Amino acid sequence: MHVLKKRGWELPDSAATPENLFIERRRLVKALAAGPVLLAAPALIAGCDGDAPKGTANAAVTKADPSAGLYPVKRNLRYRVDRSITSEKSATTYNNFYEFGSHKSIHRAAQALSIRPWTVRIDGMVEKPFDIAIDDLLKKMPLEERVYRLRCVEAWAMTVPWSGFPLKALVDLAKPLSGAKYLRMETFKDPDVALGQRQHWYPWPYVEGLTIKEAVNELAFIATGLYGKPIRKQNGAPLRLVVPWKYGFKSIKSLVRLSFTDKRPMTFWEAIAAREYGFWANVNPEVPHPRWSQARERLLDSGKKVPTRIYNGYGEFVAGLYKGMDGEALFK
Ligand code: MTE
């Protein structure tokens, strides 16, 4: 996401943001006004040399992942793609994970994240809130592999084999109440490990949201593996959302909490720049980002530019979700 480097960044007019976020935004605006020297500083604070903090990274890397024996899992051939699969190297070394730095080479820094023990909290409008440990969750869920395209709002794209389970299976386990309309999802917050989270002008933790209808759509997927192995830390271990018809920023990584609610959640990027990274964020070549075209996308590996497809090519599965709603808004 190009927030810190661009000059055309504007705050949305609406004042629907909590006061603390406004204060943080004002700091960001001040930083932007101060020019490139100051703007470079947060990148350094975030450990953007790609190195993990000393003493933690190696221990975390060498600890065996207890879920390793679960993979590979059977590929579900219902979800076909007309593109070649991106190399594992590109998909695991060219990442967005702002918790570890606001650039693409966070893969080493992300090794500082400890993914065991890892507990997910299910709460809000559910029959009974509960916590579940990742390995208990994995035992309950129907694992399969799906090859999906992923289209980042920054206009690059990849095609990768995720392993995991339909988000619907987790929604069913949660037993939401009938009044719940949205699912709010939250990433861990630990600035000691994720040095990007020391950039206090961002509204940490990273939050994303879907309507319940979107969450139970058959495409919505929770990835726990990638390329037939447990998912790497830089890709959102131990569990992340994958919603392939939406821009990549909706696919929130390293989830710790899922809350059912009747209010539309304020998401991380919406709080920062609602005009640029809105709640719906459905892929559409016809609706440009305020600062660049979305008509084409660059494929990782080849660098080839190809036309962007509406709903990232998944219209047959999801277009029905948005019938009768204001078309333009759904792509913001
Ligand atoms: N989730 C969290 N918690 N933090 C992030 O910075 N970046 C998003 C998304 N999920 C992000 C996140 C963006 S902008 C994209 S494009 C994808 O993750 C990138 O996923 P990848 O690194 O596995 O390709």
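I began with the largest cavity, which holds about 270 Å³ of space. My rule for a cavity, on a 1 Å grid over the protein atoms alone, is a set of points where a 1.4 Å probe fits but cannot get out, with lining residues having an atom within 4 Å of a point. Grid points are joined across faces, edges and corners, and a volume is the space filled by probe spheres set on the points.

A note on the source: this is a predicted model, where local features need pLDDT of at least 70 and side-chain atom pairs count only at pLDDT 80 or more, while totals for chains, interfaces and linings use all residues. Residues are numbered from 1 along each chain as its sequence is written, and side-chain values use heavy atoms, with hydrogens and water left out.

**Cavities**

I counted five cavities of 30 Å³ or more. For the largest, I found 21 lining residues, with Asn 96, Arg 240, Gly 248, Ser 251 and Lys 253 nearest its centre. I sorted that lining into 12 nonpolar, six polar and three charged residues; here Ala, Val, Leu, Ile, Met, Phe, Trp, Tyr, Cys and Pro count as nonpolar, Asp, Glu, Lys and Arg as charged, and the others, Gly among them, as polar.

Next came the second largest cavity, at about 110 Å³. Its lining has 17 residues, and Tyr 247, Glu 276, His 289, Phe 331 and Lys 332 are the closest to its centre. By class I get nine nonpolar, five polar and three charged residues there.

**Ligand**

Where does the ligand sit? I find it in the largest cavity, taking "sits" to require more than half of its atoms within 2 Å of the grid points. Around the ligand are 18 residues (a heavy atom within 4 Å), and the closest are Tyr 98, Glu 99, Arg 240, Ser 251 and Lys 253. This shell has nine nonpolar, six polar and three charged residues.

I then looked up polar contacts (N or O pairs within 3.5 Å). The side chain of Arg 240 places an N or O atom 2.6 Å from a ligand oxygen. Lys 253 also has a side-chain N or O atom 2.6 Å from an oxygen of the ligand. At Ser 251, a polar backbone atom lies 2.9 Å from a ligand nitrogen. The protein covers 100% of the 530 Å² of accessible area that the ligand has on its own (Shrake-Rupley, 1.4 Å probe).

**Backbone**

Most residues other than glycine have a negative phi, and most peptide bonds are trans, so I checked for exceptions. Arg 116 and Pro 117 are joined by a cis peptide bond, with omega about -10°. Pro 117 is in the loop between helix 4 (88-93) and strand 1 (119-124); helices (H or I, at least four residues) and strands (E, at least two) are DSSP runs, numbered from the N terminus. Another cis bond links Ala 237 to Pro 238, with omega about -5°, and Pro 238 lies in the loop between strand 8 (229-230) and strand 9 (240-242). Ala 155, not a glycine, has a positive phi of about 80°. I place Ala 155 in the loop between strand 3 (144-151) and strand 4 (156-166).

Methods. Polar contact = N/O pair within 3.5 Å; in protein donor to acceptor, adjacent residues only side chain to side chain. 1 Å grid on protein atoms, 1.4 Å probe; cavity = no way out; pocket = protein on both sides within 12 Å on 5 of 7 lines; lining within 4 Å.
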